[in-house]
Amino acid sequence: MANDRKRRSGARRSRRSRFFRVAFLVALLALVAALSMAGGLYASLIQSLPSLEAQGEYRSAQTTKIFDSAEKPHLLAELHGVENREVIGPDQIPKSLREAVVAVEDERFYSHQGVDLLGILRALWTDIRHGSMVQGGSTITQQFIKNAYVSDEKTLDRKVREAALAYQLEKKWSKDKILNEYLNIIYFGEGAWGVEAAAREYFGVHAKDLTIAQAATLAGITKSPTNYSPRRDPQKALERRNLILNKMFQQGYISGSALSEALAEPMRLAKSRRTQSSVVPYWVEMIREQLIAKYGANTVLQGGLRVYTSIDLEKQALAEKTIKEILDKPGDPTASLVSIDLRTGRILAMVGGFDFQNEQFNIAVQGHRQPGSAFKTFVLVSALQQGISPSTTYDSGPLTVALPGADWNVKSTDEGPMSLADATARSVNGVYARLMMDVGPQKVVDMARHLGVETKVNPDPAIALGGLKTGVSPLEMAVAYGSIGTGGDRLSGSVIFDPDHPLFPIAIVKVTDASGAVIDENRLVKTPVLDPRIAFSATDMLKGVIARGTGTAADIGRPAAGKTGTTQEYRDAWFVGYTPQIVTAIWVGYPDQQKEMIDVHGIKVSGGTFPARIWAAYMKKALAGVPADDFVRPPGTDWVTAVIDPESGLLATQWCPQRKTMSFLSGTEPTEYCKLHGPKEVSVPNVTGRPLAEATTLVEKAGFVVRSVERRDTTSPAGVVVGQDPAAGATYLQGGTVTLTVTAGGPRPASVPDVLGLDIAEARRKLSDAGFAVNETSRPAESPAGTVLDQDPKGSATLVTGQPVTLVVSSGPAPTTSTTLLQQVTVPDVTGKRLSRASLTLTRLQLNVVVGATVGTDDPSLAGTVASQSPGAGETLPQGGTVTMPVSGRP
């Protein structure tokens, strides 16, 4: 037995041993195959890759040319890759700069062999998830190869070639040489190639004299010169500088004290060394940035591209001239303008500044200023979309809204209730603050983004009046307002040149290579973002701003819509407006400071002053010769109101616990009634002892119908409920009638009911319910017997309750003329009968009836019965004789 167990145990060990040997052999073969494949791939790549032996094999640079939109394009600028490059030796590149670049771009630079496998895997995974090449993962060595030998395109083939060359280069050059050459060749923005040119362009010093903070700033630019240039976006550049400084500390390059000192250093820039090379330098610089974002600096500045842009030089000159003529005095603020053709989606003109030599910051695209009331338009459109109509009214006075952290205090002149249409025309803060609380801040943020505002906007109620954490640019406002002016379509291009700005309108129309082969053609894309009926309603209201509101200075004598905007302390002023053909945004202010404009040409600058005037002067001439077409009214733009149940969204019934009156564009209102709610069996409320009005409200609120009857009671106040049927607490189906008995009180003036033509019984009931006594006489008439022929006093006359109303009642047709003698009739016994029955009996015998005074009785069953009669029963009277009958009643 023991030997058997040993044999079985040995067999199992033998099988496990064979399994591991086979597995090892398979793995070894797979590794050999992979290495062979990689070797073959590497060998094939080596044959097609350029040699690294000589710098002479760097690609020869070709000039890129930028043109305007004319039929025969005018050359606007030429871009040269070597326009500002100064190569320096390794001893002139400070250690802090090398360390900053390594810390942020390639922290394993000194340990890999040209390719960072972890970085590649991370980038590959990101690319797979996005379905395209979106992340680099390249080392500094690969970046150098890309700039020196390989194109900028983001393709897998380029990455493989780049990696292979990087591996070769690491075998030939030292790490320090690779890093030094890289810093001499890369683009730092603002036309600066290499670290020496960048140091002099941004800080006015040689590279060797850079501080740690300045070195970190330059290291941060290389990832995206468009986005991280301290001249373009100082705040973003400062944040990236500080990020890199912290990385340098974490990786052991600088001490804690050096970090603190560098973080505290202010970012002071030198005057730019660049010269203006175009009549439209801000435009050319924007185009340059878009091209670099799309194709890379190497391709743009050395690739010989031909770039055809949308700018109309005549309208550009008009825009600049208009601003200079209106803001024409020393010390005046400046203005920015963006004008877009709503038929093509192309930017026609853009004024980003007037002194490119000293200030390259483009306020039209890069400026983020508070929009003031110009942001109300996004609240308006959101409200219209939620069914708040132009005729909806709100209080216009000041308002305080309790919010977490601090109250929102809104100043506004109290002009009483005001319609949304009027409040828009007059830009009333009180109305729009209340409207914002109904609409919801997040809805407004979403609407602004859909229309074209790319800047992140926090959902704070204060944005209703333009109080944004970060402002917006004139370009964003032009795009967003244009989305309304088109009838709800946001306009953009089919080619996204800058991934950070996917909603950019068309500025670059077409890009070709030097031979004319098309690389990209930017076609118009219309993205529906708003119901055309909502867009038209908003436009119709914004037309009121120009016609009778805050923007009358923008009247150009043709259909146009727009909105003014003025910030607190008059630091920013806006007018954004559009016709069916063009949208133009105007901003007026001081680009480099928050300066109050309270005395410009003797006035305070609001949106309705200089911005509106600039807009009107530009638009009149820009639209010269263009037909003055009005905005097209789509079907169904009339507003209707409906009372709905908020829970179901359908028409409310009397059983719905909540009811809300809402406005709808004609054809969109609900037509079905709510089926969620119906009548229920509920307890009848106790209303005894309550005034009739209060009791009626309580009973109707419980879902019942109210019927009231009066009972005379001189001892109780009039109008008090003294009885109810069903009784309080009874279970009763909603919709049923609850009868309330109400005290009539003592005599009082009241209106006499009109009972002409009624049956005598119905006439008596109406008069009795109204508190009047009844006297009756009868006469022959063609009307049926018992029909009221006349009454005194007449209907609607005022009479004290308790007083009699005399009724003349038909006794039927008169006897024929052949009857010469009146017949004698025996008076029947009607004592004890109900008054109505007794009267009917006597009138049928053609006897007249007079109701005598009420005879008091304590027996309620006798009330309304005949107490006595005269003549008595059995006596005879000629037809037409009168029987007097006193009636029993409560004492």
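In this predicted model, the count of aromatic ring pairs comes to 11. One of them joins Phe67 and Tyr308: the ring centres lie 5.1 Å apart and the planes meet at 15 degrees, so the pair is stacked, the limit for stacking being under 30 degrees. Phe67 belongs to strand β1 (residues 64-67) and Tyr308 to strand β3 (residues 306-309), so this pair ties together parts that are 241 residues apart in sequence. The two partners fall into separate classes of accessibility. Phe67 has a relative accessible area of 13% and is therefore buried, as the value is under 20%. Tyr308, with a relative accessible area of 24%, is partly exposed.

A further aromatic pair is formed by Tyr187 and Trp193, and its geometry is tilted, with 4.9 Å from centre to centre and 45 degrees between the planes. Both Tyr187 and Trp193 are buried. Elsewhere, ring pairs link Phe375, Phe378 and Tyr481 into a cluster.

| Charged residue | Ring residue | Distance from the ring centre |
|---|---|---|
| Lys175 | Phe109 | 4.7 Å |
| Arg240 | Tyr228 | 4.8 Å |

In soluble globular proteins, nonpolar side chains tend to be buried together. The largest nonpolar core of this model comprises 100 residues, and Trp283 and Phe378 have the most contacts inside it. Helix α12 (residues 281-295) gives the most to this core, contributing eight residues. Leaving aside residues up to four places away in sequence, Trp283 touches Leu76, Thr309, Ser310, Ile311, Ile347, Met350 and Ala507. Phe378, the other residue with the most contacts inside the largest core, is also a member of the ring cluster with Phe375 and Tyr481.

**Helix α11**

Which residues of helix α11 (residues 256-264) are buried? They are Ala258, Leu259 and Ala262. Viewed down the axis of α11, the buried residues fall within an arc of 100 degrees, so they line one face of the helix. An α-helix has 3.6 residues a turn, so residues three or four places apart point the same way. The face turned away from the buried side of α11 carries Ser257, Glu261 and Ala264, which are exposed. The cover over the buried residues of α11 includes α8 (212-221) and α10 (234-250).

Val851 is part of strand β30 (residues 848-856). Its relative accessible area is 6%, so Val851 is buried, the cut-off being under 20%. Apart from residues up to four places away in sequence, Val851 touches Val774, Asn775, Glu776, Leu835, Met885 and Val887. Between the C-alpha atoms of Val851 and Ser839 the distance is 9.1 Å, with 12 residues separating the two in sequence.

Thr826 is found in strand β29 (residues 824-826). Is Thr826 exposed, partly exposed or buried? Its relative accessibility is 47%, so Thr826 counts as partly exposed. When residues up to four places away in sequence are not counted, Thr826 touches Leu845, Gly874, Glu875 and Thr876. The C-alpha atom of Thr826 is 7.7 Å from that of Ala873, which is 47 residues away along the chain.

**The chain as a whole and confidence in the model**

The protein chain has 891 residues, of which buried residues make up 48%. Its secondary structure comes to 24 helices and 32 strands. Of the contacts between residues at least 6 apart in sequence, 70% join residues at least 24 apart.

The average pLDDT of the protein chain is 86, and 87% of the residues score at least 70. Over residues 1-12 the pLDDT is below 50, and this stretch has zero contacts in the model beyond near neighbours in sequence. Over residues 49-59 the pLDDT is likewise below 50, but this stretch has 31 contacts beyond near neighbours in sequence. Where pLDDT is low, the predicted coordinates should not be read in detail.

Note on methods. Residues are numbered from 1 along each chain as its sequence is written. This is a predicted model: local features need pLDDT of at least 70, side-chain atom pairs count only at pLDDT 80 or more; totals for chains, interfaces and linings use all residues. Side-chain values use heavy atoms; hydrogens and water are left out. pLDDT is the predictor's confidence in each residue, from 0 to 100. Contact means heavy atoms within 4.5 Å. Rings of Phe, Tyr and Trp (its six-membered ring) pair if their centres lie within 6.5 Å; planes under 30 degrees apart count as stacked, over 60 as edge-to-face and the rest as tilted. Helices (H or I, at least four residues) and strands (E, at least two) are DSSP runs, numbered from the N terminus. Buried means under 20% relative accessible area, exposed over 50%, partly exposed in between (1.4 Å probe, protein chains only). A charge sits over a ring if NZ of Lys or CZ of Arg is within 6 Å of the ring centre and within 35 degrees of the ring normal. A nonpolar core is a set of buried Ala, Val, Leu, Ile, Met, Phe, Trp, Tyr and Cys residues joined through side-chain atoms within 4.5 Å. The arc is that of the directions from the helix axis to the C-beta atoms.
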